[in-house]
Amino acid sequence: MISAALFREMIAALGDQAVDDIAWSENLKPPTDAEDFASEAIFVICNSGMKNTIAVKIFAKVMTAIQGDLSAFDVFRHPGKAKAIDLIWRTRADLLAGYLSATDKIEFCASLPWIGGITKFHLAKNFGADVAKPDVHLQRLADREGISPQALCERLAAETGYRAATVDVVLWRACANGVLNSRTGEFSGGVTAPEQRELGL
């Protein structure tokens, strides 16, 4: 079980990256303009199924292309994703209006092209919803406790004072950076095995 003490150890092990992630997540707000809405959706599309470091580079190229009245396909040769990106960019004003008026924001996100059952949580979270994205790392960690990723993040949020979405970001970052092994639950932030037991791992 991941305790609040272990969670704080993860933050310490991640250092400045955790500070930046927490500041970003704690201050997320709903989109205020159509370009902001579209760029977040496009980032999630670029990010799905790819390493974040690669996705960031693709996203930058795609945004330069579409802001210059080109197709995403001119710089990103994934036909399905490029088509979805072009459609979202072209209809961004209508999509923003639809999102703002939607009762169920998460399901509205799921209605966008190339946004699926997991990425809808990623996008909703980037739009300020206090939700966890049940990606592979979060799902493994939650499965180890026999609960859902949302329940895991809500428990730690209640214990630490952060938003559930922020807990999600920190746990994901810890797993992505090798500080926490989502398969085994092993914390490798420079803490010995006895200390891990004391921290509640």
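Student: Which residues does L100 touch, not counting residues up to four places away in sequence?
Tutor: L100 touches P31 and K105. Contact means heavy atoms within 4.5 Å. This is a predicted model, where local features need pLDDT of at least 70, side-chain atom pairs count only at pLDDT 80 or more, and totals for chains, interfaces and linings use all residues. Residues are numbered from 1 along each chain as its sequence is written, and side-chain values use heavy atoms, with hydrogens and water left out.

Student: What makes L100 partly exposed?
Tutor: Its relative accessible area is 47%. Buried means under 20%, exposed means over 50%, and partly exposed lies in between, with a 1.4 Å probe and protein chains only. So L100 counts as partly exposed.

Student: Where is L100, and how far is it from S25?
Tutor: L100 sits in helix α6. Helices are DSSP runs of H or I with at least four residues, and strands are E runs of at least two, numbered from the N terminus. L100 and S25 are 75 residues apart in sequence and 20 Å apart in space, C-alpha to C-alpha.

Student: Why is helix α8 called largely enclosed?
Tutor: 7 of its 8 residues, 119-126, are buried, so the rest of the structure largely encloses α8. The buried ones are T119, K120, H122, L123, A124, K125 and N126. Their cover includes α2 (16-26), α3 (34-47), α7 (105-110) and α11 (164-176).

Student: What happens just after α8?
Tutor: G128 takes a positive phi of about 100 degrees there.

Student: How do you know whether K125 is buried or exposed?
Tutor: K125 has a relative accessible area of 7%, so it counts as buried. K125 belongs to α8. Beyond four places in sequence, K125 touches L28, V131, K133, A165, D168 and V169.

Student: What makes D69 stand out in its phi?
Tutor: D69 has a positive phi of about 65 degrees, yet it is not a glycine. Most residues other than glycine have a negative phi, and most peptide bonds are trans. D69 lies in the loop between α4 and α5. At 73% relative accessibility, D69 counts as exposed.

Student: What is the phi of W114?
Tutor: W114 has a phi near 70 degrees, a positive value in a residue other than glycine. W114 is in the loop between α7 and α8. Its relative accessibility is 42%, so W114 counts as partly exposed.

Student: Why is S182 called buried?
Tutor: S182 has 4% relative accessibility, so it counts as buried. S182 lies in the loop between α11 and α12 (193-199).

Student: Which side chains make polar contacts with the side chain of S182?
Tutor: One is H137, at 2.9 Å. Another is R140, at 3.0 Å. A polar contact is a pair of N or O atoms within 3.5 Å; within protein, one must be able to donate a hydrogen and the other to accept it, and residues adjacent in sequence count only if both atoms are side-chain atoms. Leaving aside neighbours within four places in sequence, S182 is in contact with H137, R140, L141, R144 and C175.

Student: How much space lies in the largest pocket, and what lines it?
Tutor: The largest pocket holds about 740 Å³. A pocket is an open set of points on a 1 Å grid over the protein atoms alone, where a 1.4 Å probe fits, with protein on both sides within 12 Å along at least five of seven lines; lining residues have an atom within 4 Å of a point. Its volume is the space filled by probe spheres set on points joined across faces, edges and corners. The lining has 27 residues, and N47, N52, H122, K133 and W172 lie nearest the centre. The largest share of the lining, 5 residues, comes from α11.

Student: What makes up the largest nonpolar core?
Tutor: This core has 34 residues, of which F37, I42, V62, I66, I85, L112 and L123 touch the most other members. A nonpolar core is a set of buried Ala, Val, Leu, Ile, Met, Phe, Trp, Tyr and Cys residues joined through side-chain atoms within 4.5 Å. The largest share of this core, 9 residues, comes from α3. Apart from it lies another core of 25 residues, among them L6, L14, I22 and L171.
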